[in-house]
Amino acid sequence: MTKSEKNHTQFEMITQPQKPSAAFICASWLSLLIGMFTFIVGIWNADMMLNEKGFFGISFVLSLFAAVAVQKNVRDLRMAEGNIKPELKPKE
């Protein structure tokens, strides 16, 4: 096997899409819910005016939206480069 064939084989192995495990998905959702709950409790108990509480709440919501948008953008860019394949195939 030549060096270029080895590199090509490694590249193919790296680019296979991997599904996250059920434990990772559960831990991700649990940490999100715990974080949201503690943030809401902290804002509720804070000694601030209502408009300040609203500012922090909206900032939190926008940061969640930004995280999802970045994740989807990175996925789409990788798909456009051909590094990963889409999970769902279009109906023919």
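User: What makes the backbone oxygen of Ala-46 and the side chain of Lys-53 a polar contact?

Analyst: The distance does. A polar contact is a pair of N or O atoms within 3.5 Å, where one must be able to donate a hydrogen and the other to accept it; residues adjacent in sequence count only if both atoms are side-chain atoms. The oxygen of Ala-46 lies 3.5 Å from a polar atom of the Lys-53 side chain. This is a predicted model: local features need pLDDT of at least 70, side-chain atom pairs pLDDT 80 or more, while totals for chains, interfaces and linings use all residues. Residues are numbered from 1 along each chain, and side-chain values use heavy atoms, without hydrogens and water.

User: How do you know that Lys-53 has no salt bridge?

Analyst: A salt bridge needs a side-chain nitrogen of Lys or Arg within 4 Å of a carboxyl oxygen of Asp or Glu. For Lys-53, the nearest side chain of opposite charge is Asp-47, 7.2 Å away. Lys-53 sits in helix H3, residues 50-81.

User: Why is Phe-24 called exposed?

Analyst: Exposed means over 50% relative accessible area. Phe-24 has 52%, so the word applies. Phe-24 belongs to helix H2, residues 22-45.

User: What makes Phe-24, Ile-25 and Trp-29 a patch?

Analyst: Nonpolar patch members have over 30% relative accessible area, no salt bridge, and side chains joined within 5 Å. These three form such a patch on the surface, with about 350 Å² of accessible area together (Shrake-Rupley method, 1.4 Å probe).

Technical notes: Patches are made of residues with over 30% relative accessible area and no salt bridge: like charges are joined within 9 Å, nonpolar side chains (Val, Leu, Ile, Met, Phe, Trp, Tyr) within 5 Å. Helices (H or I, at least four residues) and strands (E, at least two) are DSSP runs, numbered from the N terminus. Buried means under 20% relative accessible area, exposed over 50%, partly exposed in between (1.4 Å probe, protein chains only). Lys and Arg count as positive and Asp and Glu as negative; His and the chain ends are not counted.
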